[in-house]
Amino acid sequence: MMIAAGPETRTYAEELSAKITSRTARVGIIGLGYVGLPLAIEFARAGFAVTGVDLNAGKVAEINRGRSYIGDVPAADVEQFIRDGKLRATTDFSAVRELDTINICVPTPLRKTKDPDMSYIVSACEEIAKYFHPGMLAILESTTYPGTTEEVLAPMLSRDGMEPGKEFFLCFSPERVDPGNPQYHTRNIPKVVGGMTPACTEMGVRFYSQALTTVVPVESTQVAEMVKLLENTFRMINIGLVNELAVMCDRMGINIWQVIEAAKTKPFGFMPFYPGPGLGGHCIPIDPFYLSWKSRQAGIEARFIDLAGYINGQMPEFTVAKIQNAMNAAGKPLKGARVHVVGVAYKSDIDDVRESPALDIIHILNRRGATVTYSDPHVPELRVDGMALASIPLLPAAGDADCAVIVTNHSAFDYDGLLREAKLIVDTRNALGRVNSEKIVRL
Ligand SMILES: NC(=O)c1ccc[n+]([C@@H]2O[C@H](COP(=O)([O-])OP(=O)(O)OC[C@H]3O[C@@H](n4cnc5c(N)ncnc54)[C@H](O)[C@@H]3O)[C@@H](O)[C@H]2O)c1
């Protein structure tokens, strides 16, 4: 059916498709964080004029000055696209009036009760809705429970009876970015997209195909929402399994790391996951609870998720118990001792401490009367229990402490120096896996 786009005879779909393929569509990215800024850069690189909207005036000013605050986004790219007029940032949502497409990349945290906190999505959509107009494509990228796009976004954006697939286009596309990954980044990670109608999916595919290498269409927004939750739940449960095995192996005196190394020589039917001091980051510890919340509403308890959540949640305590036992064995009780934490980011070679197990470990160590210091070349400052800590050089601090605990395996650490100078090392990441030393206690 032809839908009139104003006085012309072209449909909204035809008009927007033409703008997208000629790369004259004006692209908007709402939320310029770890997800939004790299996406904005890729569309600017593809030749689109991109407007980023963020409530954080500091971030907006940084971008407009040609600077980057995201490790994976080179400042040179931001500077070039700002100079070429391909990128600009604003705190003013009225910019949406001039846009043809918007990608929503705002946070989706959990409440303390582990219920989804939709407030960022809702408040961003309330602002967008004021300026949303016929012929626009809106895509939600924030991780969320299945049904959000259709149940929350569609009613907010269907102004004046506008219908998805006709007067506007609405999709969900899960973001799969892996900060710090040198091989896979926003452009070359396959992009799954599902629309509310076939016309919406088609528009989403057309849009992403301009800037990203591979686009994978799925038949609905719900399928696309569920894809992300399957991926992250798969990781969370497998990490939970291997953490449980690590605790068992510890009790039985078996080296779990050697078990995994040997198991992964099987060329089919096995995928290695590694134990550690606890889950971290914005995704794996959080996203599966979006699914369990939704599933509970459908009358199904997500038992695997709850169990893995419990086991993973115990790992910081288990790590501190290892530290305490190792120190007792060395004749130095934890209370009153100095413990140096080596790495506080939630994973190697990045600067993100969100949900990092280091925060829990430092908290528990403090509670048990230890004095805690830390080194992290990517995290100069840290707040734990309301106290500000500053990173100090690994050496001599790790040598001065009674115990050094490797929580994050950053490649910049001088492990030879650590091994030489530390009195006792608790290694939760197998960073010193190739070394045999009585000083080392492994997870
Ligand atoms: N970081 C990752 O590795 C990753 C990976 C995959 C998916 N995700 C998902 O992507 C989404 C965004 O995550 P992120 O890591 O980029 O978060 P982030 O905190 O780095 O960035 C979010 C940005 O949104 C801005 N913002 C908040 N409320 C806003 C509003 N109402 N209007 C405009 N801007 C607003 C914030 O100022 C911030 O700059 C989340 O749902 C997350 O779960 C993140």
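This is a predicted model: local features need pLDDT of at least 70, side-chain atom pairs count only at pLDDT 80 or more; totals for chains, interfaces and linings use all residues.
**Overall build**

I began with the secondary structure and found 14 helices and 15 strands in the protein chain. Next I looked up the radius of gyration: it is 24 Å, close to the 22 Å from the globule rule for 443 residues, so the chain is as compact as a globular protein of that length. Along the principal axes, the C-alpha atoms fill a box of roughly 85 × 50 × 40 Å.

Buried residues account for 50% of the 443. Of the contacts with a separation of 6 or more, 67% join residues 24 or more positions apart. The chain exposes about 19800 Å², with 54% of that supplied by carbon and sulfur atoms.

**Charges**

I noted 45 positive and 51 negative side chains, with the centres of the two sets 4 Å apart. The structure holds 22 salt bridges, and I followed up a few of them.

D100 sits in the loop between β3 and β4 and K19 in helix α1, so the pair ties together parts 81 residues apart in sequence.

E163 and K166 pair at 3.6 Å; E163 is partly exposed at 39%, and K166 is partly exposed at 29%.

R420 and E421 meet at 3.5 Å, N to O. Here R420 is exposed at 56%, whereas E421 is partly exposed at 33%.

Last, I found a network of salt bridges linking E42, R45, D77 and R187.

Key. Residues are numbered from 1 along each chain as its sequence is written. Side-chain values use heavy atoms; hydrogens and water are left out. Helices (H or I, at least four residues) and strands (E, at least two) are DSSP runs, numbered from the N terminus. The radius of gyration is taken over C-alpha atoms; the globule rule is 2.2 Å times the number of residues to the power 0.38. Buried means under 20% relative accessible area, exposed over 50%, partly exposed in between (1.4 Å probe, protein chains only). Contact means heavy atoms within 4.5 Å. Accessible areas come from the Shrake-Rupley method with a 1.4 Å probe; for residues, only the protein chains shown count as cover. Lys and Arg count as positive and Asp and Glu as negative; His and the chain ends are not counted. The place of a charge is taken as NZ of Lys, CZ of Arg, CG of Asp or CD of Glu. A salt bridge is a side-chain nitrogen of Lys or Arg within 4 Å of a carboxyl oxygen of Asp or Glu.
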